[in-house]
Structures are given as C-alpha cells and as structure tokens.
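Visitor: I would like to go through this model and ask what stands behind the terms used for it. Please show it first.

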Amino acid sequence: NSPKNLPGPRNLPSLFFSHNIQLYENEAEEKKPCIVTNLPTPRLPLHYDPENSGFISTERFRDLLATHGSELDPHKLEVLLALADGNSDGKICYQDFVNLMSNKRSNSFRRAILQGSRQLKGCSLRDEVGLGLSQRLVRHVAYETLPREVDRKWYFDSYTYCPPPWFILAITIAEVAVFMYYGIQLDRLVLQVSSSSFLKSPLPYHPQLRAQAWRYFSYVFMHTGIEHLSLNMAMQLLVGVPLEMVHGALRIGLIYVCGVLAGSLAVSVTDMTAPVVGSSGGVYALVSAHLANVVMNWSGMKCQFKLFRMAMALVCMSVEFGRAVWLRFYPPAFPPCPNPSFVAHLGGVLVGLTLGVVVLQNYEQRLQEQSLFWIFFCVYTLFVLCAVFWNVFAYSLLDVRIPPAP
C-alpha cells in the first residue's frame, strides 16, 4: 500500500484510547471497514510520524502497547506484539495496524507475523480454562482446520455462530430427504440404481439428456443406495461443517459446487455413455482440499490423532471409490444403459487439490488478491468451457453410441 493513500499516521496513538478502541472492535465484529478519518483525534505533544511516511517506529509502537494495551483484547494484543517483533526494519506500517483492528488483514501483515523473531506471548488457546461448551467447540474447530496459533486465536475471538454453517446442513438435509422420497417411491433403500424407475427422475445426469443443463448439478441429490448415501453424508458433515464454520458458506459452497460441476463434466468427457448420481464430486473436493491442507501444514496442525484420523479419512474415501468402481463395471440391471460412473470422484479430487487448497490456505485473506487463486480459477473456467464444447460437438463427431433415455 502506498503511504500517500494511508490515513494520517498521527491518528495512530488516539486509536488506543478506550472509546476509539471500542469503536474499532464493534466495527470488527460487524465486519465493516474502519473509517479512521471520522475518529476524534486529540492534540498530542509528540508527533509519532514527523515525516508523514505512513510508518511508526517499533519502539514507539511498543510504548503505545505498554500504555494502552490493557484496553485491547488479550489475543489481539499478542498479535500486535508479534507484529512489532516481526519487522526487522524497525518500523510498523500504519495500514497493517488498521487491517488488524478492522479484521481485514493484509499479506504484509501475515508476513510480519510469520517472520517474527519469537513466539506469541501467553498461553496457547488449548491451555485456556473455564470455557463453556460452545467455546470449547469453537476451539476444537480452530485446531481441526487452522495451522497457525495466530489464526486460531483470531478465529476463536471473532466467531459468533452467526450465521451458522447453513450450507452444508441444508444440502445434507436436502440430499437425505430426496433419497428417502425415492426410497419410498421405489420401495427399496439398498441399490436403488437397480430399479427400472431410478434414472427416470429429472435429477440424475444422463448422456442422452445432457442438453438439460440443470442435471450437471442436480445429480448430487440422487444416490445409488443407502450405502452410497451414508459414506458421503458422514464425510460431508464431519469435514464440511468445521470448514464452513471457519471459512464461511461462500467459500465452502464455491469448492463444493465447483467439485460437483467438475464431476459431471469429467464423466461427460471421459465416460461418455454413463450416467452420474451422488454428491461424491462435492464431497471429495472438500475432503481432498482439507487433507492436502493438513499435509502441507503438518507441523502446524495441532489436532489430536491427526495421523490416525487422516488414515481413516483416506480409508473411507477409498472404500467409497472402490464401491463406485465395482458398481460401474458390474453388469447393469437394464442394459444397454451402464451403471453410474465413478469419474465424478476424480473430478472432485482435482478441484480440491487445486482451487480448494488455495481457498483453505487463505483464511481471512481476500481471494481476489491471491494470484494463485486466479490462476486455478482460470484453469477451471477453461476446463468448463472445453467440456461444454466437447458435449456439443464430440458426441456426433465421434459417433458415440449413447444408450436411450430412461
């Protein structure tokens, strides 16, 4: 950030007075940007930035923290101290301080924390006592998903359960409700795909009906049987709910929907005669992104039994994928239409390992400011466009024998 565009650095000391700090923290809780120019500025005998450069020396910054630090949240004070210690050039950018107080941290702020010369002062979040049930749940989620103590404390202080993790819960309830409806209609819960009426629903993707664009998304609400639904819902809730509590419905929904669309398009390109059902594309995108994030930040992840739990997650994914592969090559109940494809799982994994990892690694960072996010998003968009052209032209050019519509 250019110093010319920064608010007046002489306002910095006034931000530590109690009424201004309270205003900042209220704005942070409401997720509103800070408006520094509207804050009252008392006359001070000492100019902390005589050159009007947008920076303040770390020595003067520590003096302010020593004088007015009791008015700040303890965790926020620790981050400020780490910010002061992390700047080897001996000065603090005023914009970094504004980003901290407004809950809009910049990349320069994150780098200052990571390059700090010491660990944060005080006990870790895990050692805090006297927490209520809801606070312990938030702390547990923080250790499940975030690799840095700074981020964990930041999340613990700011999370309010409003809004709740509604996206994963809503999509799960909808998928279970649709499955139960067709279970009653088809009079079976196991291997519903073996019913002659299963693919007559308007929801599954079928290559003969690929012009009906909604089917590239709506297939997530149909499952081949209760064994398929159970594994997907277990992984979706156990992984998706904590991730949504930390990263929000918008980001988790982005990963999930991108995984769902990539799954159906991957099937239409590589397994051109097969239908698709199940939420595996979205689920595998979330789970693979989370597991990749854990591996990439292995030393920082402090969740209990992480090796065992990661192994169990991989076992569940392997069992579900193995079931899908077996079903695909099992003789279909109603030839010539084959059983549903397993390629959607692989499409979801690719989304999770690319776009999903970038989203999960940038907690409290603006995705639009991350060049890697735009690279993967552009690659994903290119894949979608190529798959659309493939669906329009390739079937006729290759003279693919598509099974008749159900």
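Visitor: Which helices each supply at least two residues of the lining of the second largest pocket?

Guide: This is a predicted model. In it, α6 (133-145), α10 (226-270), α11 (280-296) and α12 each reach that number. The largest share, nine residues, comes from α10.

Visitor: What lies nearest the centre of the second largest pocket?

Guide: Glu-144, Leu-238, Val-239, Arg-309 and Ala-313 do, out of a lining of 25 residues. The volume of this pocket is about 580 Å³. Its lining divides into 19 nonpolar, three polar and three charged residues.

Visitor: Why is the contact of Glu-144 and Arg-309 called a salt bridge?

Guide: The term asks for a side-chain nitrogen of Lys or Arg within 4 Å of a carboxyl oxygen of Asp or Glu. The side chains of Glu-144 and Arg-309 meet at 2.3 Å, N to O, so the pair meets the cut-off. Glu-144 belongs to helix α6 and Arg-309 to helix α12, so the bridge ties together parts 165 residues apart in sequence.

Visitor: What makes Glu-144 count as buried or exposed?

Guide: Buried means under 20% relative accessible area. Glu-144 has 13% relative accessibility and therefore counts as buried. Arg-309, with a relative accessible area of 34%, is partly exposed, because its value falls between the 20% and 50% limits.

Visitor: How many salt bridges does a search of the whole structure find?

Guide: Five. One of them joins Asp-271 and Arg-328, with the closest N and O atoms 2.9 Å apart. Asp-271 sits in the loop between α10 and α11 and Arg-328 in helix α12, so this pair ties together parts 57 residues apart in sequence. Asp-271 is buried, at a relative accessible area of 11%, and Arg-328 counts as buried at 13%.

Visitor: Where do Glu-320 and Arg-323 lie?

Guide: Both are in helix α12, three residues apart, which is about one turn of the helix. Glu-320 and Arg-323 are both buried.

How values were computed: Residues are numbered from 1 along each chain as its sequence is written. This is a predicted model: local features need pLDDT of at least 70, side-chain atom pairs count only at pLDDT 80 or more; totals for chains, interfaces and linings use all residues. Side-chain values use heavy atoms; hydrogens and water are left out. On a 1 Å grid over the protein atoms alone, a cavity is a set of points where a 1.4 Å probe fits but cannot get out, and a pocket is an open set with protein on both sides within 12 Å along at least five of seven lines; lining residues have an atom within 4 Å of a point. Grid points are joined across faces, edges and corners, and a volume is the space filled by probe spheres set on the points. Helices (H or I, at least four residues) and strands (E, at least two) are DSSP runs, numbered from the N terminus. Ala, Val, Leu, Ile, Met, Phe, Trp, Tyr, Cys and Pro count as nonpolar, Asp, Glu, Lys and Arg as charged, and the others, Gly among them, as polar. Buried means under 20% relative accessible area, exposed over 50%, partly exposed in between (1.4 Å probe, protein chains only).
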